[in-house]
Amino acid sequence: MIARKSGAEVQRHAGREVDLDELDEWLIRELRTDGRASFQDLATRLGVSRDLASQRYRTLVERDGLRVVAALDPSYAGHHVLVHAMVEVEGPVAPVAHRIAELPDTVLVSLTSGPHPLVFESRHGSEEQLQDMLERVRAFPGVRRVRVTTYVGILKGFFVATKRAEVTLDALDTALISQLQRDGRKSYKALADTVHLSPSSVRARVKRLVDAGVIRISTITSGKLSRTRIAVGLGITARGGGSSAIGDALFACENVDFAVRAHGNFDYIGTLFGGTSAQMLAALEELRALPEVGMIETWTHYDIIKESYERASGGTIEQPE
């Protein structure tokens, strides 16, 4: 049940006042877990009517740029080198960010706070491809320095499944993945019309892709942050031994949306999402209290210029090693 909090935007529902901000936050959480959940199932889980759940979803799409999309596990796309980069810029940052966003290897580009006001993530088939892209970025006017951290292992992220199974993908699977990367909630009937199969066959194929860990269907935004969505990046440096405790804590924290083990500038990189600054601070303080944490560097995401995983469906889809 979503009940009213003091000072919140509310709406009367079934004889009670519903905190719409909290409802939106929980709706996003449910869609992160299951992007294709029906509105009736979402309404049941949240204790509201189907109409209200559907209405709030449309509001999040239209007001906050929420999208539900499928993401292909990087291994299936032949992306074996994943990196996080922080860019020091001289002069206006947005023009540099937009140029980096045009590069096909980048999946995330964001304007942030701090001495490195631009961060991006990219995926590559080889270290040579990464080097080529970094040379292009360093040559952009205004770029002073690029700090690169390479991902060693992804602990938490909507595009990575918790389990993988052996599966052979055919042209129809690839076509379905491409459609779901644009709209993860596209109806089975609409998908069936696109690939010329029956809706029941499409449903079975999508379930197989999800169950095998080839794709996950979850939420992303087009870049707008709002009062119900605050995003803070984390760069964690470990000290002493037993740093795996940091990874365990990142995985267990419900406010951590994304976390990786890494080498380079940081030992771990993560992203905190929350509805209030107090919520974010509490999660951050819990991480700082870990004896294995030496330092945490943070940066607030102001504007996400690009967050797109569609490129992963282009070309040949490889099987993970």
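Reader: Is the crossing of α1 and α2 right-handed or left-handed?

Author: A crossing is called left-handed if the near helix is turned anticlockwise from the far one by less than a right angle, and right-handed if it is turned clockwise. The crossing of α1 and α2 is right-handed. Before going on, please keep in mind that this is a predicted model, in which local features need pLDDT of at least 70 and side-chain atom pairs count only at pLDDT 80 or more, while totals for chains, interfaces and linings use all residues. Residues are numbered from 1 along each chain as its sequence is written, and side-chain values use heavy atoms, with hydrogens and water left out.

Reader: At what angle do α1 and α2 pack, and how many Å apart are their axes?

Author: Axes are lines fitted to C-alpha atoms, for helices over the stretch in contact, and angles run from 0 to 180 degrees between N-to-C directions. Helix α1 and helix α2 (residues 39-46) pack at an angle of about 125 degrees, with their axes 11 Å apart. That makes α1 oblique to α2, since angles under 35 degrees count as roughly parallel, over 145 as roughly antiparallel, 65 to 115 as roughly perpendicular and the rest as oblique. The contact (heavy atoms within 4.5 Å) is made by Leu-23, Trp-26, Leu-27, Glu-30 and Leu-31 on the α1 side and by Leu-42, Arg-45 and Leu-46 on the α2 side.

Reader: How do α6 and α7 pack, and which residues make the contact?

Author: For α6 and helix α7 (residues 188-195) the packing angle is about 130 degrees and the axes lie 10 Å apart, so these two helices are oblique to each other. Here α6 passes α7 in a right-handed crossing. The contact is made by Leu-172, Ala-175, Leu-176, Gln-179 and Leu-180 of α6, together with Leu-191, Thr-194 and Val-195 of α7.

Reader: How many helices and strands does the protein have, and what share of its residues is buried?

Author: Helices (H or I, at least four residues) and strands (E, at least two) are DSSP runs, numbered from the N terminus. The protein has 10 helices and 12 strands. Buried means under 20% relative accessible area, exposed means over 50%, and partly exposed lies in between (1.4 Å probe, protein chains only). Buried residues make up 52% of the 321 residues. Among contacts between residues at least 6 apart in sequence, 74% join residues at least 24 apart.

Reader: How many salt bridges does the structure hold, and what links Arg-29 with Glu-25?

Author: Side chains of opposite charge can pair when their charged atoms come close. A salt bridge is a side-chain nitrogen of Lys or Arg within 4 Å of a carboxyl oxygen of Asp or Glu, and the structure holds 16 of them. The side chains of Arg-29 and Glu-25 meet in one, at 3.5 Å from N to O. Both residues lie in helix α1 (residues 20-33), four residues apart, which is about one turn of the helix. Arg-29 counts as buried at 16% relative accessibility, and Glu-25 counts as buried at 16% too.

Reader: Where in the chain do the partners Arg-205 and Asp-173 lie?

Author: Arg-205 forms a salt bridge with Asp-173, and their closest N and O atoms are 2.8 Å apart. This pair links distant parts of the chain, with Arg-205 in helix α8 (residues 199-211) and Asp-173 in helix α6 (residues 171-182), 32 residues apart. Asp-173 is buried, with a relative accessible area of 0%.

Reader: Which residues are linked with Asp-24 in a network of salt bridges?

Author: The network links Asp-24, Arg-56, Arg-63 and Asp-64. Asp-24 is found in helix α1 and counts as buried at 0% relative accessibility. Leaving aside neighbours within four places in sequence, Asp-24 is in contact with Arg-56, Leu-60 and Arg-63.
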